[in-house]
Amino acid sequence: MKTQPQAGKGVRILEIPERSVRKRKSVWHNLGKFKVLYLMFLPGVLFLLVNNYMPMFGVLIAFKNVNYADGIWGSPWSGWDNFKYLFSTSDAWEITRNTLAYNTVFIALNLFVGVGLAILLNEVKNKAMSKLYQSLMLLPYFLSMIVVSYLVLAFLGKDSGFMNSTILQMFGGQPIDWYSEPKYWPYILPLVNTWKNIGYYAVIYLAAVVGIDEEYYEAAVLDGATKWHQIRFITIPFLVPLIVIMTLLQIGRIFYADFSLFYQVPLESGALFPVTNVLDTYVYRTFLIGGDIGMSSAAGLYQAIVGFVLVLVSNTIVRRIDKDNALF
Amino acid sequence: MKSHDPLAVSKRSASVIHAMFLFYAIACIVPILLVFAISFSDETTVVANGYKLIPEKFSLTAYEFLFRDMDQILHSYGISFIVTVVGTITSVALTALYAYPLSRRDLPYRGWFAFFIFFTMLFNGGLVPWYLVYVNVLDLKNSILALILPLLLSPFFVLVMRTFFANSIPVSILESARIDGAGELRTFARIVLPLSLPVMATVALFSTLNYWNDWYLSMIFISDNRTISLQYLMYRTLLDIQYLTTNSNVSSQISSQGGLLNLPNKTLQMAMAVVGIGPIVLAYPFFQRYFIKGLTVGAVKG
C-alpha cells in the first residue's frame, strides 16, 4: 500500500485504472466510495434475512422430535425418523405423483396453448378486435382463486350447478356429483388452471411475436413460403429463447403447486384428496390442521431439496444446449 | 381499396380464427355473468330449476341479507384496501432500491448482492420454519403486518427492474448528472425513477394484484374477525354455506334451534362473490391497457 502513489485530491486525473492499482484499493475504499448505493441495498437485505434466510436454518426442525414441553429447539434430535415415517405412508407417493403430473400437464398446456393463441392472435389484423380478444382473455388472470372457486361451484354444484341443471340436461345426461367424483378432477384442474392463466402467457408470447421483423416474412413469401412454413421456420425459432425462459421458470417450480388452486377450487372435499392432494396442501394440512410439526417439516425439506436440484438440472441442460438461454 | 396484404391469411381462415377467438372470449366471461345472474335470482326458482344465465325470477333478497352483515364486509374491504395500498407502495420502493444498485456496472461486489437475492428463488426453508419465524419470532399473528410483509420483495420483480435500469437508462445520463454535482440519491430520485415509469407501473400493477387477491396469508395468520381481508371473508362465506347445505344434520339442528333455514343460501353465496369481484371488474377496463403494456415490458428479457 505504502509504495503505491497516492492519488491526492488535486491529481485525480493521474488515477489510471491499472490492474495493480485497482487491486490494492481496499474494501473500505470501495465501501466508502459507493456507500449510498450499498445503503440502498440495506432494507432489502434486512427483509431477505428475516423472510428468507432465517427460515432456512429452521429446516433442522425436520430432524427433531418436537414436543411442546421442551419447545421447538429444546426437543430431542430424531435423525431421519420424520422422513422414514413420511415415506412409509402412501401419502408420500400420492402427493409426489400429483404434484409432478399436474405441473407437467400445466407446463405443456401453457406452452402449446399460449404459443398457439399468440400466433393466431397475431393473424387477427383488425386492431380493435385483437385488443378486445386480448382484454377478455386476460380477465380471468385478474380474478383471485377464491372468485374462481365460486365460478367453478356455479358450474359444478351438485343440485343447481349450471352443468347439471342446464348443459347435461340439454344432452340428456344424468346429474353428476362433481365434488365427490375423483375421476373428473384430473381434467377439471388443468382446465381451470389454463382458463385462469393462459391469457397471461398468450400476451407475453404475443409481445415477442409482434417484435419479429416483418421483412423476414416478406422475404419468405417471395420464396413461396406458405403460412405454415412461416410459422415453423420464422415465428417459432424466434420464440425459442422466450419459450425456454418461461418453461425453465415453471420447471424450477415443478415441485411446488399452486396452493390456492388445489386447496380452494375442490372446496376441500375429502373424497377428492387422492387426486387433489399435492405437496403444498399436504404440508399445510399436516402442519396447521394436523399439528404435526416434524412430518410437515420433513415434507417441506423434501420439497425444497428436490426443487433445488430440479432447477439446477434444468438450467444445466439448457446451458449445454444454448448458453445464452440459461437463467444463470 | 388496398390490394390484399400478402402476409394476411385468407378470408376464410380469418373468419375461422375470429370465430375461435369469439368463442374463447365468451368462455372467459360467461362464468362471471353466470355468478352475477345467480346473485340476482330468486332463491326458490334457483333451488327448483338450477342456475340459469338469465334469472328466471329477478330478486334482490340475497343482497338484502348481505346488507345485514355490512359491518364486516366494509371492515374487510378496508383491510384489503389498506394492505393493497401500503403493500404496493412499499413493495415498489423496496424493489427499486434493491434493483438500482444491481444495475450499476461500476459497483464492486454487486455480484454478491445479486446472489443474495436470487438464491432465495432456488431454496427456501419451507412453510413450517417460515411460519414459526412470523408467529414466534416476529410475533405477527393477527397483525395486519403479516398480510403485508411476506409479499414485499420478489426476486423476479428485482430481475425485471434491474434489466430495465441497465438497458433503458444510458450510462452517459448518470455521468452527466455526476458532473453536474448530483449525489447518488439525487441522481436516482430525479433522473432514474422518472425515466423508469413504465417498469414501476408494471411492478406496481402486479403487486396490487398480488395483495388484493391474497387470501392465504389471512388464512394462516389471522384468526381475529377484525383483521380478515375481503378475499378471506369470501372464502369463509363460501365454506360456511357449503357446510350448512351439505350437512343435513347440522342444518336440521339449526332449524330445530330456531331456524335460520330461510337463508337464501345459494344466491347469497353468489352475491358475496359479486361483492368481491366488483372492484376488479370495475377497475379492469382502466387497468388492463397498462397491464398488457407492462407484460410486454416484462417479457423483454435481458
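In chain A, the loop between α10 (185–210) and α11 (214–222) holds D213(A), where the helices, like the strands, are DSSP runs numbered from the N terminus (H or I with at least four residues for helices, E with at least two for strands). D213(A) counts as partly exposed because its relative accessibility is 39%, given that buried means under 20% relative accessible area, exposed over 50%, and partly exposed in between, with a 1.4 Å probe and protein chains only. This is a predicted model, in which local features need pLDDT of at least 70 and side-chain atom pairs count only at pLDDT 80 or more, while totals for chains, interfaces and linings use all residues. Residues are numbered from 1 along each chain as its sequence is written, chains are lettered from A and ligands numbered from 1 in the order in which they are written, and side-chain values use heavy atoms, with hydrogens and water left out.

Together with E214(A), E215(A) and E218(A), D213(A) makes up a negatively charged surface patch. Patches consist of residues with over 30% relative accessible area and no salt bridge, like charges being joined within 9 Å and nonpolar side chains (Val, Leu, Ile, Met, Phe, Trp, Tyr) within 5 Å; a salt bridge is a side-chain nitrogen of Lys or Arg within 4 Å of a carboxyl oxygen of Asp or Glu.

A patch of positive charge draws on both chains, being formed by K127(A), K131(A), R289(B) and K293(B). Helix α7 (127–142) of chain A and helix α15 (265–299) of chain B each contribute at least two of its residues. K293(B), which sits in α15 of chain B, counts as exposed because its relative accessibility is 53%.

The surface also carries a nonpolar patch, made of I305(A), V309(A), V313(A), I317(A) and I321(A), whose accessible area together is about 460 Å². One of these residues, I305(A), belongs to helix α16 (residues 293–321) of chain A, and its relative accessible area of 42% is why it counts as partly exposed. In the segment after α16 of chain A lies F328(A), which is partly exposed at 43% relative accessibility; its C-alpha atom is separated by 9.4 Å from that of L312(A), 16 residues apart along the chain.

Technical notes: Areas by Shrake-Rupley, 256 points an atom, 1.4 Å probe, with all protein chains shown as cover. Lys, Arg positive; Asp, Glu negative; His and termini not counted. Charge placed at Lys NZ, Arg CZ, Asp CG, Glu CD.
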